[in-house]
Structure formats: C-alpha cells, structure tokens
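Visitor: I would like to go through a structure with you, one question at a time. Please give the cut-off behind each term as it comes up.

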Amino acid sequence: MLNQSKKTLSAKTSNSFLTLSIAPAKVIRGSQILNQAVSYISRLGNRPLIVSGNKTLDIADNYLELLESEGLDFVKSSYTPDCSESSLEILRDKAQAHEADVIIGIGGGKALDTAKLLAHHLEIPVVTIPTSAATCAAWTALSNVYSDEGAFLYDVALDSCPDLLILDYDLIQTAPQSTLVAGIGDAIAKWYEASVSSGHSEQTLIISAVQQARILRDILLQKSVAALQSPGSEVWQEVVDATVLLAGVIGGIGGAQCRTVAAHAVHNGLTHVCGSGSIHGEKVAYGILVQLRLEEMLQGNQLAATARQQLLKFYTEIGLPQKLDDLGLGNITLKQLQKAAEFALQPNSDIHRLPFKVALEQLMAAMVSTTAPVEASGISNSLNSPSNQTKKFSGSKSQRKA
Ligand SMILES: [Zn+2]
C-alpha cells in the first residue's frame with residue numbers, strides 16, 4: 001500500500017505548481033504556549049495518535065497530561081527505528097486500532113516527517129510540535145523516507161502543509177545547541193540550492209522564493225553568532241523563526257523546483273555510509289561546500305569559490321562541519337566514498353538540477369576538497385574588501401551567488 005501511495009504521490013510532484021502547498025493552516029508561536037494550544041488541537045480531533053522519538057516521549061509527558069485533562073483520548077507511539085516504511089506500517093495499524101482522528105508529531109525532523117506522512121496516508125489532520133530548530137520539517141508538505149538503518153530512500157510530496165504548527169520557544173530551547181547549528185546549515189542551503197537551480201527563472205513565485213532565500217541567508221549570516229551566544233533571547237528567536245518558518249515558506253512558494261540540488265543530494269548519499277553519525281543539517285551544510293566546489297572546478301566559477309571561502313569562515317564561527325572528518329568520516333574508505341557519490345548521482349537525484357553534468361570522479365574529488373584554498377589569484381584579496389564585494393556582487397548573474 002505504501003508503494004501504491006508513493007506512485008500516486010510522485011505523479012502529483014510533477015504538477016506541484018497547480019497544487020501549491022505553501023503554509024500550515026495555522027501557526028502558533030511564542031513562549032509557554034503549549035497549554036493554550038490544546039484548544040486548537042481539539043478543534044481538529046479528540047482521539048490523537050502522538051508520534052515521537054523515545055526520548056521526546058519522556059520529555060513530553062507533562063504535555064500529555066495536559067491533553068488528557070482537556071478530554072483528549074490519545075495514544076502515543078515511537079517512530080523508531082526511523083521514518084521508514086516498516087515504522088509507518090506499525091503506526092498506521094496503531095492509528096486505525098485507536099480510531100485516531102488527528103496525528104500529533106512531537107520531536108525533530110524525522111518524527112515530524114513520520115507524523116505528516118502517516119496523517120497523509122490516513123487522510124486525517126496533522127499537528128506538528130518541533131522540539132528543536134534543526135529543520136523546517138514542521139512547516140513543509142514533504143516527508144523524507146529512510147531505511148530502518150537511516151539511509152535516505154525517497155521523498156514524498158504531501159497533499160498539504162500541516163493543519164497546525166505549534167512553535168514553543170521554551171520547548172526548542174531544551175534541545176542541544178548543536179540542533180540549532182544544524183538547522184542554520186539546512187536553512188542557509190536554500191539560497192545556494194535555489195539560486196543555482198532557479199536563479200534565472202522568469203516565474204513570479206520562483207523569483208520571489210529565490211529572493212526570500214537570499215534574505216534568509218543574510219539573516220543567518222548576520223544573526224547566527226549572536227543567537228548562539230544567547231539562547232532564548234530575541235535574536236535567538238529570530239534565528240529559530242528563520243530555520244523553522246522562513247525556510248519552510250521558501251520551499252512552499254518555490255515548490256519542488258526550488259527545493260534541493262547538490263547539497264541535499266550529497267546529504268542523501270552520505271546517509272548510505274553514515275546513518276546516524278551526524279544530523280541532517282550538518283551533512284547538508286557540508287553538501288553546500290561540495291556543491292560550490294563543483295561549480296568552482298567544473299565551471300571555473302570564481303563567485304562560487306568566494307562563496308565557499310565566506311561559508312568556511314561562517315562555519316568556523318558557529319561550528320558547522322567543513323569536511324568529511326568533521327562528520328565523523330575521517331576514516332572513510334575510497335569504496336565508501338564512491339558508494340555515497342554513486343547514490344548522489346542516481347538518475348533521479350536532485351544533483352542533476354545543476355546546470356552542468358557531474359561525473360563520479362568529479363563528485364568524489366569535490367567531496368574531499370571542500371576546504372581547498374582558492375587557486376585563482378585575487379579572490380582572497382577581494383574577500384577582505386567590502387567595496388570590491390559590492391561591485392562584484394552587483395551584476396545580475398553574480399547576485400545568484402553573492
Ligand atoms: Zn534539508
């Protein structure tokens with residue numbers, strides 16, 4: 001049955017501009033808002049199935065008592081081992097046995113992806129409650145499906161964004177700081193991927209999505225360091241909004257064309273050699289450097305080289321991985337590297353949205369040279385000169401990368 005839905009859904013993906021899913025029906029955000037949000041959940045259903053990770057289920061226990069006191073008859077279930085076909089089968093049986101009329105996902109990206117896809121299959125509403133700012137999964141009409149071992153298999157375009165998104169900053173603040181760092185990596189990828197695949201689009205909505213991706217990048221470059229220094233502060237909340245909400249808006253408005261390119265394709269490949277060694281946004285952040293390296297090596301694109309140097313500096317400041325070693329893959333064999341690259345280059349991979357062809361050997365070379373110094377003379381100097389930068393980035397073509 002899962003395979004059947006997959007087929008129907010992939011047909012919908014190609015028509016995504018006719019059926020845009022831009023935003024959740026309602027977003028509630030603030031501090032200590034979980035209590036107030038219960039009444040919004042009860043408008044959607046009163047027999048929820050709660051999908052979460054094992055750890056989050058414990059954290060969420062207080063909240064569950066609250067649901068109970070409001071008369072909601074819930075069951076809770078873990079999505080482990082992963083957002084996989086086998087987990088989804090088990091959860092679907094549980095939901096049907098409970099006669100669930102709404103799904104509540106509480107947790108990180110994988111818990112929320114599982115909750116959304118389950119609700120989609122059952123054709124009932126879904127509520128997303130992110131417990132970290134590591135991805136924009138709480139917002140989007142998209143779920144990634146993995147193997148039980150955590151290897152990326154495929155993504156599914158859903159009929160709509162969640163019916164309700166509850167963003168509670170206090171809950172987000174309980175997550176390790178590294179999750180927000182990863183979220184920054186995943187969100188900043190929007191610019192590098194959207195601009196390379198859609199930077200020359202004439203379509204109104206796509207132009208708008210690409211420009212919002214640029215704004216998102218600027219917000220993250222300007223505010224991330226301050227946000228990470230003062231969790232819970234106003235600037236920290238702005239960065240959380242950027243990674244959880246604005247990143248989702250861009251995916252919604254831009255549709256499938258504007259979503260992922262090489263950075264996510266490299267992430268997908270890496271999940272086949274390191275299922276749980278690092279989290280999504282960390283692999284994506286590294287994937288951005290690989291993508292820029294490809295543009296540099298295969299197109300001689302000096303703006304890509306400049307952008308890579310800027311990002312390396314930014315990554316050092318906030319602690320994002322710059323090379324395989326930083327992802328715990330310092331001892332990767334040539335064979336494993338090839339396996340990851342081969343998956344990233346599969347015929348249906350998003351890497352083919354790059355405006356040039358990539359050979360296996362070229363991708364492998366880019367993957368091991370993300371921190372290479374810039375070869376062309378003059379680029380390092382221009383980095384230090386704001387006036388040069390403005391000049392360099394003012395042309396329409398170069399805006400794509402700057
Ligand atoms: Zn992502």
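What follows is a set of questions and answers on this structure.

Guide: This is a predicted model, in which local features need pLDDT of at least 70 and side-chain atom pairs count only at pLDDT 80 or more, while totals for chains, interfaces and linings use all residues. Residues are numbered from 1 along each chain as its sequence is written.

Visitor: How many helices and strands are there in the protein chain?

Guide: Helices (H or I, at least four residues) and strands (E, at least two) are taken as DSSP runs and numbered from the N terminus. Counted in this way, the protein chain holds 18 helices and 8 strands.

Visitor: Is threonine 56 buried or exposed?

Guide: Threonine 56 belongs to helix H3 (residues 54-59), and, leaving aside residues up to four places away in sequence, it touches Ile106, Gly107, Ala111 and Thr131, where a contact means that the C-beta atoms, placed from the backbone, lie within 7 Å. A residue is buried if 20 or more other C-beta atoms lie within 10 Å of its own, exposed if 12 or fewer, and partly exposed in between. Because threonine 56 has 25 other C-beta atoms within 10 Å, it counts as buried.

Visitor: Which residue in S7 is the bridge partner of serine 143?

Guide: Strand S6 (residues 142-146) is largely enclosed by the rest of the structure, because 5 of its 5 residues are buried; Leu142, Asn144 and Tyr146 point one way, and Ser143 and Val145 the other way. S6 pairs with strand S7 (residues 152-157) in the antiparallel sense over 5 bridges, and the two form a hairpin with 5 residues between them, where glycine 150 in the turn has a positive phi of about 95°. In S7, the bridge partner of serine 143 is valine 156.

Visitor: At roughly what angle do the axes of helix H12 and helix H13 cross?

Guide: Axes are lines fitted to C-alpha atoms, for helices over the stretch in contact, and angles run from 0 to 180 degrees between N-to-C directions. The axes of H12 (residues 280-299) and H13 (residues 302-318) come within 8 Å, and the residues meeting there include Ala285 and Leu289 in H12 and Ala304 and Leu311 in H13. The axes cross at roughly 155°.

Visitor: What is the orientation of H12 and H15 to each other?

Guide: H12 and helix H15 (residues 360-367) pack with their axes 9 Å apart, at an angle of about 120°. Angles under 35 degrees count as roughly parallel, over 145 as roughly antiparallel, 65 to 115 as roughly perpendicular and the rest as oblique. H12 and H15 are therefore oblique.

Notes
Contact = placed C-beta atoms within 7 Å. Pairing = 2+ DSSP bridges.
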